[in-house]
Each structure stands twice: as C-alpha cells, then as structure tokens.
Amino acid sequence: MPEILEMSDVVQCVPPQDDATWPPKWRTTTHSISSGRYIDPAFAALEFERLWSRVWQAAARLDEIPEAGDYTVYEIGDQSVLLVRVDAATVKAYHNFCPHRGTALGEGCGKFEHERIICPFHGWRWDLRGQVQYVLERQEFRNGELRDSDVALKEVSVAVFAGFVFINLARNPEPFDDFIAPVRQLIEDLAIGDMHHYWWKEIAAPGNWKVAQEAFFESYHVPTTHPQLETAGADFIFGDQSGPAVDFSHHYHQYETFAHGHGRFFGGKKTPMAGHVTLPGDPVEMMAARLNLLVEGMDAMVLAEDVALVRSLKGKPIPEGSSLGGEYMKLLYSTAAAQNRPMPKPAPEVLDMWGGEIFVFPNLMILPQAGNAMIYRVRPHRTDPDRCIFEILSTRTYPAALAPPRATVEKVVDPSDPEQLRLIPRQDLGNIPRMQRGLHSRGCKQIWLAKYYEQIILHMHQELDRYLMAGE
C-alpha cells in the first residue's frame, strides 16, 4: 500500500509509479474497474495532487463575467481561482489570495468597481491585469524596498474556448490547443460558443464525482432509468420478458474515444431525434410528443418553441426524397435565419450529434441539440470521496434582437423536489446515492463494464491513470 501522510484536511499519498505496484483496489482491467477508485480517500487525495493540479478544466462560462470588472471564483479541492474579465477580449485567472496576509480577494461572483481589485482586509489594490496599484504603508515592507513584482497577483494559465474559460493550475501545462484538439471541431461546428445562459443549477450530490458523471457516458440506462422515453424497452425489462426481443434505441448509438481522455456518443439517423418514428399514428404528433417529453422532463436540449415548429408541419406534405426529420431541420434553420440566430453547422455529421454527447476530460459533458445544449460539470468534494458538486447548465443561442442574460447559479436544496429539478435529472440523480452505497459493500470488489456501450467510462479511467502515475 502507498504511504499515507496526514496533511491539512486532505489525505496525501505517495503514489505507485506503474501497474505492478498499483493497489488491487485501485486497478482497472479491460472489462472492469475496482471499487476503491470511487470510495478510497487516498485515491481521492491522489486525484487532487496529480489530476486536478495539472489538467485543463472548465472553470466558468463567459456569461458569468460578461463585462470588464466582472469576476467569478472557481474552486477545486482546496484551491480557489479568481477569474476576471479585463476587457472584451481578455480574461485573466489568478490564485485567489492577497500576497499581504492571504485574504481571498473574491467570493462567489460580482464586480470590481472602477476596475480595481481591492483587498477587503487592508486595502491593497491591483488593476484587472494583476499589477499592484497601492500598498498601504509601503515603506514598512521589505525594508522599504518592496517591488511591484513581489506583490503582483499570481496568474493561473487560462484559455477561452467555445464560451468556456478553462484554467490549468500546473506551472507548465500542456498547450490547451493540444488538449482540446480531438474534440475542437465537433464543439465548434455545434455552435457551443454561440450559446448563452438559459438556466444553471448546482446540486450537492451524495456520490463520487466519477460515479455521478459516468451515469451520462452511455444511453444504455435509458429504458430502465427513464422508462417514459423508451416505453417498449421499459415494458420488456419490467415485464415477463416472454415476448419478442426489443430493438432498444441504444443499439443505434455509436461510441468513440479520443486522445486526452475525451469521447462521444451519438445516435445518427435512426433515432426519434432525427424524425425516425416507428410507432403507429400521426408521425408529426409522435415526433412532437417524443420531443415534448424532453421539454417537460428537462427544459434544456429541446425547448417548447422547437416542439411548436414540429407541430407546424402537421398536414403538410413531405417532398419526395425528404423525410419528416429533414423537413423539421429545414424549418429550424429557416426560422433561425429569419431571427439571425446562430445554429450548428448544417452538415450530416454535425446533425447526427443532436441527442448525443461530447465528453471533455476530465469532467465536462456537452449534450447538443437544435441550437441548444445541456452541459454537465461535476467536481469532487474537497475532502469526502462520497460527495461531489453536480452542475447542470442549460444554454441556447438567442436571436440577434435579444441580449443574452448574465449566468447566475441556483442552488438546489432538495434534488427530489419537482419544483427545483425536472423529472429527467431527478431520475438520473436518484441513481447516484444508490451506486455510491453499493460501492461500499464488502462484496463489491469491482464493477463490470460493457465493452462497447460503456467504453467512454474505461477510457476516462485510463486517462486518469496517466495523470496519477506521472512523476513530478
């Protein structure tokens, strides 16, 4: 076992350097993951030491800091980062402390009036670029020879991409362009950078951060967790299973993994999202009803106006060579063009992503749709591997005539309350505490993974190990 050292509130450990010395309860195989990776405080400490201190991570959306002087604070483990909008083209990130006595310079989010950062303890002051402007009784410090460079704010590496502000706490991080390259084009083509705040909720979830996000790395769970979305599959699973085999929708989802731990899955053409409807009845009404389940269940990827557009096709002939899904796409894009509203690139490989997911390692999930996207971000609790911070951001593009709102977060106090969370996230989040409890069972040594449908999970753990086994 690795040596355990007690430091501050977090257990620190000296990690093994290769598979041969990796504790069995931390190992992965080609088909399973050991349960200790989700429940062991020493493993969580190693993640803080070697993953979160070195990896590019989405710290904010630009919508949180739209104007010069706006700031927001990002916290990961015991580290606090101050993100500041300097001007229309510039965002800076600083370690959130005053070099005088360590006072945190920002809390939550807000605005630095007159574009000055002032320590609330003794009034030291900096400009938005981190350069010191004023030190009270400066002659008292360093024998009267205090240099500006001594007390400039300490910068954190920052990159702005697709409406996100990414930060990296490493001294010499890998280039962001290299990190994001495998999924850059996918995200850009989906117009994620043109999407803005619709709503944003934060939930304190009773599960490890990996347990929470892995619930969204596959669609294999849909007929059981969300039976209203796949009634035939749910009837088969919960029934006597004596009837004909069910053609589950996840059979048509395709999965891919990429370098740097990223991945994606998507449904393509043979899905209800693309207008593929096999149920009896009016196809337009069937498609609208299916999409409306997502409106009522999430109010995120699909919005009420999208369903209204589907229903407007009722009674209209479908031209030869087209389809219901094709006509819906045409209507979506013509309506958006009339509103001067940005939309994803109208290419088949981009449209196939609607209803799928892009995973950006280590903890960001983007679920795109018709000019809308639901985004999940999951962060570990500072000290407890059985808890995490789960965030849901609903974003959309807006017509040119509408100014996007500033992003503000709503704290969810009771995740089971339908007034605070809609049905689909309640269903998903309901699984998390049950999984976390099960992982503590003495009989649970490992969890089994489907080779194809759950490959993103294993791939994420393999990339995680690359960080954890890396030297200084």
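Predicted model: local features only at pLDDT ≥ 70, side-chain atom pairs only at ≥ 80, totals over all residues.

Reader: Which residue forms a salt bridge with E67?
Author: K111 does, and the closest N and O atoms are 3.7 Å apart. The pair links distant parts of the chain: K111 sits in strand 8, and E67 in the loop between strand 4 (57-61) and strand 5, 44 residues apart.

Reader: And K111, how does it count at 36% relative accessibility?
Author: K111 counts as partly exposed at that 36%.

Reader: Which residues do salt bridges join into one network?
Author: E67, D70, K111 and R406, through salt bridges that share partners.

Reader: How many salt bridges does the structure hold?
Author: It holds 24.

Reader: Give me another pair. What does R184 meet in a salt bridge?
Author: The side chain of E188, at 3.2 Å from N to O.

Reader: How far apart are R184 and E188 in helix 3?
Author: They are four residues apart in helix 3 (residues 176-189), so about one helical turn separates them. R184 is partly exposed at 24% relative accessibility. E188 is partly exposed too, with a relative accessible area of 38%.

Reader: What about R50, buried or exposed?
Author: Buried. R50 has 4% relative accessibility, and the cut-off for buried is under 20%. R50 forms a salt bridge with E49, with 3.7 Å between the closest N and O atoms. E49 counts as partly exposed because its relative accessibility is 24%.

Reader: Over how many bridges do strand 5 and strand 8 pair?
Author: Three, in the antiparallel sense, with strand 5 covering residues 70-76. T72 stands opposite C109 in strand 8. K111 from the E67 pair is in strand 8 as well.

Reader: What holds paired strands together in a sheet?
Author: Backbone hydrogen bonds, in either parallel or antiparallel pairing.

Reader: Next, strand 19. How many of its residues are buried?
Author: Nine of its nine, across residues 372-380.

Reader: Which residues lie on each face of strand 19?
Author: One side has N372, M374, Y376, V378 and P380. The other has A373, I375, R377 and R379. Both faces are covered, and these residues are all buried.

Reader: How does strand 18 pair with strand 19?
Author: Strand 18 (residues 364-368) pairs with strand 19 in the antiparallel sense over five bridges. P368 stands opposite A373 in strand 19.

Reader: What do strand 18 and strand 19 form, and what is in the turn?
Author: They form a hairpin with three residues between them. G371 is in the turn, with a positive phi of about 80°.

Reader: And how many bridges join strand 19 to strand 20?
Author: Nine, and the two strands run antiparallel, with strand 20 at residues 388-396. V378 stands opposite F390 in strand 20. V378 is also among the buried residues of strand 19.

Reader: Great, that covers my list.

How values were computed: Residues numbered from 1 in each chain as written. Heavy atoms only, no water. Pairing = 2+ DSSP bridges. Buried < 20%, exposed > 50% of the residue type's maximum accessible area, 1.4 Å probe, protein only. Salt bridge = Lys/Arg side-chain N within 4 Å of Asp/Glu carboxyl O.
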